[in-house]
Amino acid sequence: MVRFSGDSGDGMQLAGNIFTNVSAALGCRVSTFPDYPAEIRAPQGSLSGVSGFQVSVGKDVHTPGDACDVLVAMNPAALKQNIRFLRRGGTIIVDIDSFRPADLRKAEFATDDPFGELGIDDNCLLQVPVTQMTRDALADSGLDNKSMLKCRNIFALGLVCWLFDRPLDEAVAHLSSKFGRKPAILEANKRVLQAGFDYGHNVHASVPTYRIESENPRPGVYTDINGNTATAWGLIMASEKSGLPLFLGSYPITPATDILHELAKRKDLGVKAVQMEDEIAGVCSAIGASFAGNLAVTSTSGPGLALKSEAIGLAVMAELPLVVIDVQRGGPSTGLPTKTEQTDLMQALYGRNGECPLCVVAPATPTDCFDMAFQACRIAVEHMTPVILLSDAFIGNGASAWRVPDDNDYPAIHAPRVPEELKASGKWQPYSRDPETLVRYWAVPGTEGLAHRIGGLEKDCACGAISTDPANHARMVETRREKIDRIAADIPELEVLCDADADTLLVGWGGTYGHLHAAASELCAKGVPTAFAHFRYINPLPANTAEVLGRYKRVIVAELNSGMMADWLQCHFPGINIRRINKVQGQPFLVGELVDAVEKTVAE
Amino acid sequence: MHKMENQTYTASDYKNGQSVRWCPGCGDHAILNTLHKAMATLGVPPHRTAVISGIGCSSRLPYYMNTYGFHTIHGRAAAIATGFKIANPEMSVWQISGDGDGLAIGGNHFIHAVRRNIDINIVLFNNKIYGLTKGQYSPTSPRGFVSKSSPYGTVEDPFIPAELAFGARGNFFARSIDVELATSQEVLVAAARHKGTSVVEILQNCVIFNNGIHNAITDKEYRADRTIHLRHGEKMLFGAEGNRGLVQDGFLLKAVTLGEDGYTIDDVLVHDAHTPSNFLHQQLAMMDGTDLPLAVGVIRDVEAPTYNDTLDAQVADVRAHKGHASLRDMILAGSTWEVK
């Protein structure tokens, strides 16, 4: 739901109407609610002169609803009048050029900080120089200033079209029919429309992709959270529960940058978030921090993960804890930076030289990002291994109400320090291991008596000195794999939801949980019994995976790639008959298309 | 202060039992020995010292130390050392690198470590060749250099490490030669005592693939005439007789002989390693032993805020003014609502 608001002369009705028509042309159901001022021409910039236009688009839209997700406010008065229509956590786009002191006075703001006065969180605010950029786009158009300014609404429309993935052709067609008789004006509006769209593209503007309202919430204190913030906070919780200082080494990349932003703010909790010179330096600084004894994390998206591969291999070899967050986007190469996909799964599992196993986990929802970031840290520290957390643009930007955890909701994390008796016996060596878990003990620099050298060369299975012995290498390869496999004993079993007794099991992983769960529920309601299992732990797989998959006549793996999880499961369990539902459009699933695809598969 | 800090250490306390695998006659042996001695002079306990390296012959060095050590991946030691120092600022951190590791594949990390002024000591072994991969030209090989990967000579200019360090706004640069043990020890100690990124270039001879590359400077016969040992506060004198000196010549430097052309000791410049301007430091560091003597010793040593100290101070400041006791407190201080 989008609400366009501005001065009554700003043309917000036109922008809203075109957006409505563009959305309707794409097959969305639409519902609109114009909100004109009472006065035909109230004083410009005043509260009584504000005009608004709200449009709801979506699958099952029957009303324009009460609260909008995006509010476009062309001046301070529009912001003040319309902020009440914005739902909690919604996005605000303002024309910051019309927030000068005089504009603020007209809108009766008491201070020079209108956003603070209205309690608007910076995270939700897009401050766009709409007026300036409109003028710049029309600099050589020959139009007078007044005519140029009349196009501001269309700049805002272009930006909103970017945010909601609306192609511009349809909007251009509507502009043509409106301004067909005034070629200069039409040309100007087309240019400005494109400029607004390009601005969104250039700054990688995005809005929360969706929001879940829980129906019967558990008592407690709640706040709004998106997936990337939840990830950052989960890391902090792990830092508190392990007693290890939190270090983030990162480099800006869409759609993961908000994790860096959030942790950079969290110096107030002692977090050290360092913006390094490149992706490789991001992970390398984290590896240095890990060797030094911190809880070390690097955050990125697919292209960055590719750059970090060699260094992640070093962390595997050195057996140091490291959390690598990949907020997946559309690929390959630069791909679709702001769009969502699950196409980095194979890269996470295999994308390193040599046999280089590590743990891979994936959060299911925005709030689950908190839990899985915590679990990634727990596993990394307690099992002395890199862990890749596969989030994605959809849940990273998705928002939800979230119950603030109590102090005892999460367990303590125990770093595997060198046991005192082992140290005292003089038998400790850098690659001494816990016999149960095969975890190497973590001797932290600064500790007297434990000085040691590690590195990326293959090393002797005990003392850690360089070794090229063939049998030793084979043993180390096996040990590194077995160490990861044994994590299966330390993660929850795979759960079956919906109709567990059905013949058909719908399987997913990571950020598609919401759509898949809704689809399975809808299928059950329609009389197509469907069980549903969702993986959050991918390597190792939960210990009961073979048993769960083996129970069903049909296993359908649905994912936003061409079948990576299906392949991963098929290679582990060749006897299971795995069917696939795949989508690689940079877009999330639609519940309807999942229901149709499952029905079709069942009917085969 | 840690109770161990006052203890006296000897060079052997920093040495471990591993047999050193460099080729006989390699310049690295001498550098390793002087590093052990420099660490003993500094007196930081071995367990409070970390030596971090990349890949290459020189990068094997951590294995021969009795400190904490990390032999990492090609080119990345500066980034790894940066994270290490930020995470554990109490440790004394050394980065060992070669000309290929530090200035080619690791060039980006090198300049950014220097720019940030993270408090680490970068020791750059410069033999102007790739040794471990058996003899390809490096980013410090001179134009026209013939090697296995440049059989007709290179067609590119080299980096001068000092120039790169100053271009990245470096505040400490020193130089030595592998065979000059006392000078190496002196500059390594000075590098460790400098707060911020210290870059020490040591001209090192690769006996196998680039034997004698520095001979024109290091040969005993004319070393005294082709090098100058700079010391802060002392006259810039050199030569076997100690009667040659550097004087200002317009904006440039000139080597003169005292008593000739009317030059006296009063004309000879006094070295000021602490002056913030790097104008003269750069000229001194660019002298290459042909017209002007190659400078060894501490060329630039200027105090400036370090990344790690500033970061720690910022964290302390933010915590003092708007710190929270826990994540939960931080969240509760923001916008929340209660469900009963």
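Trainee: In this predicted model, why is the pairing of Asp312(B) with Lys272(A) called a salt bridge?

Mentor: The closest N and O atoms of Asp312(B) and Lys272(A) are 2.8 Å apart, and because the rule asks for a side-chain nitrogen of Lys or Arg within 4 Å of a carboxyl oxygen of Asp or Glu, the pair qualifies as a salt bridge. Across the interface of chain B and chain A, the rule finds three salt bridges.

Trainee: What makes up the contact between the two chains, and how much area do they bury?

Mentor: Chain B gives 55 residues and chain A gives 65 residues to the contact, while about 5,000 Å² is buried between them, with 65% of it on carbon and sulfur atoms.

Trainee: How do you know which residues of α2(B) and α4(B) meet?

Mentor: Contact requires heavy atoms within 4.5 Å, and by that rule Ala78(B), Ala79(B) and Thr82(B) in α2(B) meet His109(B), Phe110(B) and Ala113(B) in α4(B). These residues divide into four nonpolar, two polar and no charged, and the two helices pack at an angle of about 35°, with their axes 7 Å apart.

Trainee: Which residues touch the most other members of the largest nonpolar core?

Mentor: In this core of 169 residues, they are Trp233(A), Leu263(A), Ile538(A), Met565(A), Leu569(A) and Phe70(B), and helix α15 (residues 368-383) of chain A supplies the largest share, 10 residues. Apart from this core lies another, of 42 residues, including Ile18(A) and Cys151(A).

Notes: Residues are numbered from 1 along each chain as its sequence is written. Chains are lettered from A and ligands numbered from 1 in the order in which they are written. This is a predicted model: local features need pLDDT of at least 70, side-chain atom pairs count only at pLDDT 80 or more; totals for chains, interfaces and linings use all residues. Side-chain values use heavy atoms; hydrogens and water are left out. A nonpolar core is a set of buried Ala, Val, Leu, Ile, Met, Phe, Trp, Tyr and Cys residues joined through side-chain atoms within 4.5 Å. Buried means under 20% relative accessible area, exposed over 50%, partly exposed in between (1.4 Å probe, protein chains only). Helices (H or I, at least four residues) and strands (E, at least two) are DSSP runs, numbered from the N terminus. Axes are lines fitted to C-alpha atoms, for helices over the stretch in contact, and angles run from 0 to 180 degrees between N-to-C directions. Ala, Val, Leu, Ile, Met, Phe, Trp, Tyr, Cys and Pro count as nonpolar, Asp, Glu, Lys and Arg as charged, and the others, Gly among them, as polar. Buried area is the accessible area (1.4 Å probe) that two parts lose on being put together, summed over both.
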